[in-house]
Amino acid sequence: MKRIIALVDCDSFFVSCEQALNPDLKGKPVCVLSNNDGCIVSRSKEAKKLGIKMGMPYFIAKKEYPKGIYLSGNHKVYKTFSRQIMGYLRTFSPDVEIYSIDEAFIDLTGTKKLHGKNYIEIAKDIRNIILEKTGIPVSIGISTSKTLAKLASDKAKNGTGIYVIGSKKIKKEMENTSIEDIWGIGKNITITLKKNGIIKCKDIVNMPDNALKKILGIRGIEIKHELLGESISIVSSEEKSPKSIQNTSAFGIFTSDKEFIKKELNRHIHTACKRLRNKNGYCKTIGIMLRTKDFKVYTAKKTINSYTNFELEISKTATELLEKIFISDISYRATGIFLSDLNCNGNFQANLFEETKQTENETLAKTIDKLENKFGKDVIRIGF
């Protein structure tokens with residue numbers, strides 16, 4: 001049986017949240033900034049028309065586009081809006097897969113009888129109830145596979161808010177769509193495909209499976225059949241364990257001050273560790289990133305002996321890595337932490353000493369989390 005899958009995507013989500021909280025911002029060139037007000041991460045339509053680019057550093061944007069309204073991000077508020085939106089989606093179907101804070105796949109297969117409406121009418125109801133209850137506008141793409149639903153949602157943003165790619169439209173869509181516009185085809189895959197003369201999606205769907213497998217492996221075949229409308233990847237409501245956790249941001253200034261960078265890095269470590277603990281997870285590989293004024297990126301990573309999710313342990317390793325890649329006469333614009341080799345099920349073995357130390361660390365970390373949850377972020381700071 002063919003699936004009917006929709007991708008619900010919030011429009012300019014962070015900005016829409018701010019406008020929902022403050023209606024006076026509607027119709028104005030509003031931008032939301034990244035952590036520490038480093039760069040632009042969300043723009044209203046009016047801001048886009050001004051020419052403000054995604055990722056543009058704040059200090060440049062406010063100078064070149066003084067008419068823009070620049071707001072510091074409030075991710076706690078955005079997460080609250082996201083939870084509300086996902087809750088309303090589950091009233092239409094139990095099969096909702098959260099893809100990101102502002103996107104979710106929903107399997108609508110067979111829900112026509114339940115709601116007494118066709119799928120386009122159901123999509124209209126989804127848009128209306130989310131807008132009415134939360135004030136957030138959404139775009140919805142509908143098709144028979146996740147890949148086509150994602151493509152449809154991108155097209156919905158430039159039209160009426162709903163776009164359908166049915167079986168009869170697939171061929172035309174494949175002829176007019178470039179491979180880089182497809183979900184799951186990143187920069188490296190695009191380069192590989194173009195080297196083999198594959199420019200449009202029609203080139204993928206017309207290629208024999210064996211030939212495509214030689215270029216991209218089994219993933220290439222999966223992409224091809226998803227583009228043909230076959231639901232290879234099902235919508236799963238089960239929460240997946242992350243493969244890695246990262247936290248990065250720009251400084252808002254250029255600096256060569258190692259102590260300042262260290263403080264920013266430790267701030268990221270705390271945020272990442274809290275996220276890791278919320279997943280009941282531990283990491284074993286720690287990586288850091290430094291981005292220079294000229295956008296060059298330096299990274300370093302290290303795998304430690306035992307799993308941890310505690311700031312003090314991770315900071316010790318991160319500080320060692322920072323010493324390795326930091327160059328005093330270079331100006332930096334950003335830093336970040338990457339935690340990988342994750343374990344979110346607790347299936348690892350430690351010796352007696354490590355277990356005792358881990359118990360002590362977990363008790364301290366949980367205490368810090370409880371204090372922050374009760375009194376707010378940064379109510380307590382750890383001295384590294």
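**A walk through the predicted model**

K324 is exposed, with a relative accessible area of 66%; here exposed means over 50%, buried under 20%, and partly exposed in between, with a 1.4 Å probe and protein chains only. This is a predicted model, in which local features need pLDDT of at least 70 and side-chain atom pairs count only at pLDDT 80 or more, while totals for chains, interfaces and linings use all residues. Residues are numbered from 1 along each chain as its sequence is written, and side-chain values use heavy atoms, with hydrogens and water left out.

K324 belongs to helix α14 (residues 311–325). Helices (H or I, at least four residues) and strands (E, at least two) are DSSP runs, numbered from the N terminus. Another helix position is G87, in α4 (residues 75–89). G87 is partly exposed, at a relative accessible area of 32%.

Helix α7 (residues 146–156) is largely enclosed by the rest of the structure, because 9 of its 11 residues are buried. The buried residues include K146, L148, L151 and A156. K146 also lies over the face of F105, 5.3 Å from the ring centre. For a charge to sit over a ring, NZ of Lys or CZ of Arg must be within 6 Å of the ring centre and within 35 degrees of the ring normal. K169 is placed in this way over the face of Y163, at 4.1 Å from the ring centre.

The next topic is aromatic pairs. The structure holds 9 of them. Rings of Phe, Tyr and Trp (its six-membered ring) pair if their centres lie within 6.5 Å; planes under 30 degrees apart count as stacked, over 60 as edge-to-face and the rest as tilted. F105 and W183 form a tilted pair, 5.3 Å centre to centre with 45 degrees between the planes. F105 lies in strand β6 (residues 103–107) and W183 in the loop between α8 (170–176) and α9 (187–195), so the pair ties together parts that are 78 residues apart in sequence. F105 is buried at 0% relative accessibility, whereas W183 is partly exposed at 23%. F251 and F260 make an edge-to-face pair, with 5.3 Å between centres and 80 degrees between planes. Of these two residues, F251 is buried, with a relative accessible area of 4%, and F260 is partly exposed, with 25%. Ring pairs also join F13, F14 and Y78 into a cluster.

The last topic is a pocket. On a 1 Å grid over the protein atoms alone, a pocket is an open set of points with protein on both sides within 12 Å along at least five of seven lines, and lining residues have an atom within 4 Å of a point. The second largest pocket has a volume of about 590 Å³, a volume being the space filled by probe spheres set on the points, which are joined across faces, edges and corners. Its lining has 31 residues, and D11, S12, S16, K45 and P137 lie nearest the centre. Elements that each supply at least two lining residues include β1 (5–10), β3 (40–43) and α6 (119–134). Helix α1 gives the most to this lining, with 5 residues. By class, the lining has 9 nonpolar, 12 polar and 10 charged residues; Ala, Val, Leu, Ile, Met, Phe, Trp, Tyr, Cys and Pro count as nonpolar, Asp, Glu, Lys and Arg as charged, and the others, Gly among them, as polar.

Methods. On a 1 Å grid over the protein atoms alone, a cavity is a set of points where a 1.4 Å probe fits but cannot get out, and a pocket is an open set with protein on both sides within 12 Å along at least five of seven lines; lining residues have an atom within 4 Å of a point.
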